[in-house]
Amino acid sequence: MSTRVLSLEKIKMAMTTEDIYAKLLPIVKAYLPEDVDENDIKPDSDLTGELNINSAHLVDIVLDVEDAFDVEFANEDMESLRTMNDAITIIQKKIA
Amino acid sequence: MSTRVVITGLGVVAPNGVGIAEFTEAIKNGKSGIRFFPELKDLNFSCHIGGIPIISEEKKREYFTELQLRNFNSNGILYGVMAGMDALNDAGIQAAKKDEDALYDFGIIFGAGTSSPEKFRESIHKIDAGNTRRLGSNSVLQVMASGVSAYLGGMIGAGNMVTTNSSACATGTEAIILGYERIASGKAKQMLCGSTSDDGPYIWGGFDAIRVMNYKSNANPKNASRPMSASAAGFVPGSGAGALLLESLESAQERGAKIYAEVLGGSINSGGQRNEGSMTAANHTAVQNCIKNALADANIQASEIDYINGHLTATTKDSVEIQNWCEALNRKGKDFPYINSLKGLTGHCLTASGSIEVVATILQLQNNFIFPNINCDDLDTRITNMISSEKIPQKKIEVPLKTVVKASFGFGDVNACVIFRKN
């Protein structure tokens with residue numbers, strides 16, 4: 001195994017749930033409706049149901065997440081995406 | 001008797017002025033919005049000039065949220081929203097609050113020729129590369145023909161008819177007549193009517209290919225668009241949007257709204273691409289019928305017309321349009337109304353031309369002036385053989401105006417003519 005792959009693995013391994021959450025937060029924040037405060041974002045808040053994010057924008061959130069984490073979501077992943085925690089679970093699975 | 005319809009709000013995004021104040025100054029002073037675009041030259045266009053409104057990033061944010069501007073790539077929707085929201089504000093009408101009912105008596109007819117070709121291009125590249133999944137959420141919203149009316153509908157909370165009409169260069173004038181008819185028939189109380197046009201190579205390329213754009217004045221952009229001139233050599237492409245808030249007289253009076261003018265009547269028809277008519281040329285009888293039918297609909301005599309805002313695109317066919325006006329109104333020489341064309345200042349704003357030019361028409365009617373028809377120091381003698389040259393002001397003149405007419409003609413042999421009166 002080359003050193004480059006090793007170091008990449010290390011970075012991915014080193015990403016804690018907190019790290020992922022911190023990277024995810026600004027992505028989701030950009031799609032909040034104007035009348036929803038960013039402090040309302042909690043790990044288990046429903047993105048469309050509670051945070052009122054337009055369901056069409058889930059697609060954009062996924063694209064931004066794919067760019068940020070260098071992963072690709074399958075259609076099934078998108079179906080299971082409801083909350084921040086869901087996103088973290090999916091991302092963890094992809095980078096593991 | 002049908003409901004009377006008045007204009008209570010105006011909005012405009014034009015190559016020579018953005019917003020009513022700037023646009024009014026521009027037309028009074030004969031300011032041109034035609035510029036050289038190196039991009040057109042680099043793409044081997046024959047015509048390298050055009051009219052594109054100048055809009056800063058800050059200005060965009062007065063109308064759109066950061067979220068709305070994410071992956072937004074549509075000048076047509078940008079111009080349409082700006083003009084439409086300006087007309088709404090000018091009329092003093094509030095958008096519905098988010099958790100309130102929609103405005104069920106408020107509708108939108110906002111025309112477009114095509115929507116967001118730049119966004120479409122972006123999508124096409126992704127699709128062809130097998131990356132359809134990466135198009136994002138707003139490709140459809142921008143590329144659908146009704147994108148502009150859908151954006152406006154959501155921002156305002158319009159609950160009546162919300163649609164986009166399309167009839168080439170007659171689109172803007174047609175939108176106003178359709179909105180007028182909807183209010184007159186009692187189906188709506190307020191209608192935001194207008195039209196928008198995207199710009200750039202993907203809109204203008206087809207016109208360049210058929211050599212109807214002026215390719216002889218690339219070095220002199222401001223002198224290139226020459227309506228009614230002997231040296232008219234084709235139109236100069238333009239873009240932008242114009243918007244009018246139409247309202248029943250009763251509704252306007254109840255609100256104590258400022259009233260610019262009344263829409264007295266209008267007419268829309270087609271020449272069926274018969275006789276002289278074709279996909280690209282007008283059937284003269286149909287044009288004249290359209291004008292005569294508008295007079296009849298408005299219930300006025302041709303002698304009452306003080307001013308004509310012509311279609312007059314600055315091609316060699318301008319004289320044919322003048323002939324049609326002369327025959328339809330049965331007026332000529334010194335008896336002919338004042339006439340001018342905005343296209344000398346803005347270029348031909350295509351689907352937006354009708355609405356931008358109606359805004360210019362109403363501003364002249366309101367303020368009793370006629371803007372200079374620039375670049376026609378060498379008037380076409382075929383035109384001056386029919387009407388007196390003093391009826392084509394080359395400098396701004398101040399003159400009382402009461403009843404004015406605007407007509408637009410489009411590819412597909414379609415016509416629209418509307419009459420306004422200041423009471």
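Colleague: Start with the overall layout. Into which domains is chain B divided?

Modeller: Keep in mind that the model is predicted. Chain B has domain 1, residues 5-261, and domain 2, residues 266-421. Their C-alpha centres lie 21 Å apart.

Colleague: How many residues of domain 1 of chain B are in contact with domain 2 of chain B?

Modeller: Count residues on each side. Here 59 residues of domain 1 of chain B are in contact with 57 residues of domain 2 of chain B. Several elements of chain B each supply at least two residues to the domain 1 side, among them strand 1 (5-14), helix 1 (20-28), strand 5 and strand 7. Helix 9 of chain B gives the largest share, eight residues. By class, this side of domain 1 has 29 nonpolar, 26 polar and four charged residues.

Colleague: Now a strand. Are the residues of strand 5 of chain B buried or exposed?

Modeller: First, the general idea. In a regular strand the side chains alternate between the two faces of the sheet. That is why each face is checked in turn. In strand 5 of chain B, F106(B), I108(B), F110(B) and A112(B) are on one side. On the other are G107(B), I109(B) and G111(B). Both sets are buried. Seven of the seven residues, 106-112, are buried, so strand 5 of chain B is largely enclosed by the rest of the structure.

Colleague: Which strands does strand 5 of chain B pair with, and in which sense?

Modeller: Look at the bridges. Seven of them join strand 5 of chain B to strand 7 of chain B, residues 190-197, and the two run parallel. G111(B) is bridged to S195(B) in strand 7, and A112(B) to T196(B). On strand 6 of chain B, residues 162-163, there are two bridges, again parallel. There I108(B) has V162(B) as its bridge partner.

Colleague: Strand 7 of chain B comes up again. What covers its faces, and how does it pair with strand 8 of chain B?

Modeller: Take the faces, then the partner. Q190(B), L192(B), G194(B) and T196(B) are on one side of strand 7 of chain B, with M191(B), C193(B), S195(B) and S197(B) on the other. Both sides are buried, giving eight of eight residues. Strand 7 and strand 8 of chain B pair in the antiparallel sense over eight bridges. G194(B) stands opposite A243(B) in strand 8.

Colleague: What about the nonpolar core? Which residues have the most contacts inside the largest one?

Modeller: The largest core has 122 residues, and L192(B), L244(B), L246(B) and I291(B) have the most contacts inside it. Helix 5 of chain B, residues 75-90, supplies the largest share, nine residues. Domain 1 and domain 2 of chain B each give at least three residues to this core. Another core lies apart from it, with 16 residues, including I53(A), V62(A), F69(A) and I90(A).

Colleague: Which residues is L246(B) in contact with, leaving aside its neighbours within four places in sequence?

Modeller: Those contacts include V5(B), I7(B), Y180(B), I183(B), C193(B) and V263(B).

Colleague: How do you read helix 9 of chain B? What is its span?

Modeller: Compare the span with the expected one. Helix 9 of chain B has 14 residues and reaches 20 Å from first C-alpha to last, close to the 20 Å expected at 1.5 Å a residue. Then check burial: 14 of its 14 residues are buried. Just after the helix, G186(B) takes a positive phi of about 85°.

Colleague: Which residues have a positive phi although they are not glycine?

Modeller: N299(B) has a phi of about 60°. N299(B) sits in the loop between helix 12 (284-298) and strand 10 (307-309) of chain B. N299(B) has 9 C-beta neighbours inside 10 Å, so it counts as exposed. N368(B) has a phi of about 55°. N368(B) is in the loop between helix 15 (353-367) and strand 12 (369-370) of chain B. With 14 C-beta neighbours inside 10 Å, N368(B) counts as partly exposed.

Definitions and conventions:
Residues are numbered from 1 along each chain as its sequence is written. Chains are lettered from A and ligands numbered from 1 in the order in which they are written. This is a predicted model: local features need pLDDT of at least 70, side-chain atom pairs count only at pLDDT 80 or more; totals for chains, interfaces and linings use all residues. A residue is buried if 20 or more other C-beta atoms lie within 10 Å of its own, exposed if 12 or fewer, and partly exposed in between; C-beta atoms are placed from the backbone. Helices (H or I, at least four residues) and strands (E, at least two) are DSSP runs, numbered from the N terminus. Two strands pair if DSSP finds at least two bridges between them. Domain bounds come from an automatic or database domain assignment. Two residues are in contact if their C-beta atoms, placed from the backbone, lie within 7 Å. Ala, Val, Leu, Ile, Met, Phe, Trp, Tyr, Cys and Pro count as nonpolar, Asp, Glu, Lys and Arg as charged, and the others, Gly among them, as polar. A nonpolar core is a set of buried Ala, Val, Leu, Ile, Met, Phe, Trp, Tyr and Cys residues joined through C-beta atoms within 7 Å. The expected span of a helix is 1.5 Å times one less than its number of residues.
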